[in-house]
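Please examine the sequence and the model shown below.

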Amino acid sequence: MLRLVIRRLLQLIPTLLGLSVLLFVWLNRLPGGPASAILGERATEAEVARINKLLGLDQPLYIQYGRFLKRIAELDLGTSTQTGQPVWDEFTLRFPATVELSIAAMVIAIAVGIPLGYLAARHRGGWLDVGSVTGSLIGICIPVFFLALILKGIFAVEMGIFPTTGRQSTDINATDITGFAVLDGLITGEFDASWDALVHLVLPAVTLASIPLAVIVRMTRASVLEVVGEDYVRTAESKGLERKVVRGRHIMRNALLPVVTAVGLLTGSLLSGAVLTESVFTFGGIGSFIRTAISERDYPVLVGFIMFIALIYVLINLLVDLAYSLIDPRVRVH
């Protein structure tokens, strides 16, 4: 297992280096260069020359790239042109909300999707199977922002069950330790603050979970249908093994392999795709900040966001590989 972890970590290095090259080339290929992109279309030549010298853009490309790598390694992602604050500080302030929302959404998707997909496969052709397949198609087809508006209008505005916006109520004085509102309340014993944060989290998490839930249901159903027809499952059943043993050891353990891959990919996409959900619910994560960065051409923020998401993706892939090795020990030898 340790060799597997070390091998996968070493494989991450060329991936991140390749992405850094693409980002560096993108920055240097901006119309007029990075300086013109930062200053705007009306920038004078003197202002552009001053920014180029300040940022070291008048140096040879290999020196610029070396400095670019050094800054990334030191987590020096530059200064946001929106706020004037270091990009890393802005990320550490906003990313916990996005991560908390993404984790909650994925927990919902896994907790509901895998059992539902299994039951749909075991009752193929029944009302549960038809309903789950139809529901998954609807979940994939409905745009996230539209679902967010529907849920917000019904459960927050009309019924008043859940809050309409924000991460916590304004009258809650919560202690901020980790940036994860629900966890902070549990750590400090402020259970009312933790519950309030959880209530605020429900609608955004359900909205964000809609697409991964639909994908997991369909993949689990298809994978279980494929596995139940294998010879080793029929052999186990003919031996008179208990149904729960056949279901857990022979069916689900083998059926989960493609599902684990899908979960890994979906988890990474949730972090980068939470922009619309956070905007509708004013959740205070990285989503609205990135949206403004795109419109304001805040390139230091965009570069930092891309690198951060890429790092999360590769780490999630590592966790997927480890989960693979736990489910199927044969993976460890490859």
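## Salt bridge between Asp129 and Arg221

In this predicted model, the side chains of Asp129 and Arg221 form a salt bridge with an N to O distance of 2.6 Å (a side-chain nitrogen of Lys or Arg within 4 Å of a carboxyl oxygen of Asp or Glu). Asp129 belongs to helix α6 (residues 127–141) and Arg221 to helix α9 (residues 191–227), so the pair ties together parts 92 residues apart in sequence. Helices are DSSP runs of H or I with at least four residues, numbered from the N terminus. Both Asp129 and Arg221 are buried (under 20% relative accessible area, 1.4 Å probe, protein chains only).

## Salt bridges involving helix α5

The structure holds 3 salt bridges. One of them joins the side chains of Glu100 and Arg167 (2.6 Å, N to O). This pair links distant parts of the chain, 67 residues apart: Glu100 is in helix α5, and Arg167 is in the loop between α7 (144–158) and α8 (181–188). Glu100 has a relative accessible area of 9% and is buried.

Glu90 and Arg94 also meet through their side chains in a salt bridge (2.1 Å, N to O). They are 4 residues apart in helix α5 (residues 87–122), which means that about one helical turn separates them. Glu90 is buried, at 5% relative accessibility.

## Basis of the values

Residues are numbered from 1 along each chain as its sequence is written. Local features of this predicted model need pLDDT of at least 70, and side-chain atom pairs count only at pLDDT 80 or more, whereas totals for chains, interfaces and linings use all residues; side-chain values use heavy atoms, without hydrogens and water.

Terms used: Helices (H or I, at least four residues) and strands (E, at least two) are DSSP runs, numbered from the N terminus. Buried means under 20% relative accessible area, exposed over 50%, partly exposed in between (1.4 Å probe, protein chains only).
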